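Please open the model in your viewer and keep the selection panel at hand.

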Amino acid sequence: MNLPTKITVSRIVMIVLMIIAIFVVSLIPDLVIPNIGNSNVNWFYFAVAIVFIVGSFSDFLDGYLARKMNLVTDLGKFLDPIADKLLVNSILIFLVIEPSFAPDQQVLPQLFILVILMIARDLIVDALRLMAVKKNVVIAANIFGKAKTVAQMIAIPFLLLNDWPFSYFDSSWPEALHISNILMYIATILSLISGIIYVVQNAHVLKEGEKNNG
C-alpha cells in the first residue's frame with residue numbers, strides 16, 4: 001500500500017471514528033456541550049469541523065501525491081471516492097439533525113431539502129458510473145463536479161461553526177440569507193448542474209441498456 005492510499009485509508013478510519021463519536025455523544029442523556037467562550041460556536045461542532053477540514057485537505061493531498069509520484073493505483077481509485085462521499089455525506093446528515101447536546105446550534109429547515117438533493121445526486125451519478133463501467137464506458141469528471149466538491153468543503157465548516165465568523169455581521173439578517181447558508185445553496189446548485197451534465201452527456205449508457213433489455 002503506497003503513501004497516497006495510506007492517507008486515503010487514514011481518512012476513512014478518521015471519518016468512522018468521528019461517526020462513532022457523534023453516535024456515542026448523542027446517546028448520553030442530559031448532556032449539554034457548551035459553546036466556546038461567548039461565541040455561538042459549540043465545542044463538539046468545532047471538533048467535527050476540524051476533522052472535516054483535515055479530511056478535506058487529505059483528499060487534496062492523496063490525489064496530489066498520487067499524480068506527482070506516479071502512484072495512481074486501482075485500489076486508490078476505488079477507495080478515494082468512497083472516502084470523499086463518506087466524509088461529505090455523513091457530515092451533511094449530521095447537519096440536519098438537531099441535537100439536544102448543542103441547543104444553540106442553528107438548523108435551517110431548508111437544509112434538509114438541500115442535503116436530500118445533494119445525496120440523491122451522488123446516488124444517481126454513482127449508479128450511472130456503475131452502468132458505464134459494465135459497458136466499458138469511462139465517465140470523465142466535469143468542471144462543475146469538481147466545483148461542487150470544493151463548494152461543499154467550503155460551506156460545511158461554516159455551517160458546523162454556526163455561521164462564524166460571518167455571524168458578527170449577518171446575525172440580524174433572515175436566517176435563510178446567512179452567508180453559510182448561501183454557500184450551501186451554491187454547493188447544491190453546482191451539485192445539481194454537475195449531475196444533470198453527467199446524465200445528459202452519458203444518456204447513451206441508459207439507452208443502450210434499454211435496447212439490450214428489449
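This is a predicted model: local features need pLDDT of at least 70, side-chain atom pairs count only at pLDDT 80 or more; totals for chains, interfaces and linings use all residues.

Residues are numbered from 1 along each chain as its sequence is written, and side-chain values use heavy atoms, with hydrogens and water left out.

**The helix pair**

Select helix H1 (residues 3–27) together with helix H3 (residues 74–95); they pack at an angle of about 25 degrees, with their axes 9 Å apart. Helices are DSSP runs of H or I of at least four residues, numbered from the N terminus. Axes are lines fitted to C-alpha atoms over the stretch in contact, and angles run from 0 to 180 degrees between N-to-C directions. H1 is therefore roughly parallel to H3, a term for angles under 35 degrees.

H1 contributes residues including Ile12, Ile15 and Ile19, and H3 contributes residues including Leu79, Leu86 and Phe94. By class, the residues of this contact are 14 nonpolar, four polar and three charged. Here Ala, Val, Leu, Ile, Met, Phe, Trp, Tyr, Cys and Pro count as nonpolar, Asp, Glu, Lys and Arg as charged, and the others, Gly among them, as polar.

**The cores**

Now select Leu160 and Met184, which touch the most other members of the largest nonpolar core, a set of 35 residues. A nonpolar core consists of buried Ala, Val, Leu, Ile, Met, Phe, Trp, Tyr and Cys residues joined through side-chain atoms within 4.5 Å. Among the elements giving two or more residues to this core are helix H2 (43–68), helix H4 (111–134) and helix H7 (179–201). Apart from this core lies another, of six residues, among them Val125 and Tyr198.

**Single residues**

Is Asn162 buried or exposed? Asn162, in the loop between helix H5 (143–160) and helix H6 (167–170), is buried, with a relative accessible area of 3%. Buried means under 20% relative accessible area, exposed over 50% and partly exposed in between (1.4 Å probe, protein chains only). Leaving aside neighbours within four places in sequence, the contacts of Asn162 include Asn40, Asp104 and Ser167.

Finally, select Ser39, in the loop between H1 and H2. Ser39 is partly exposed, at 23%. The C-alpha atoms of Ser39 and Ser167 are separated by 9.5 Å, and those of Ser39 and Ala120 by 34 Å.

Methods
Contact means heavy atoms within 4.5 Å. Angles under 35 degrees count as roughly parallel, over 145 as roughly antiparallel, 65 to 115 as roughly perpendicular and the rest as oblique.
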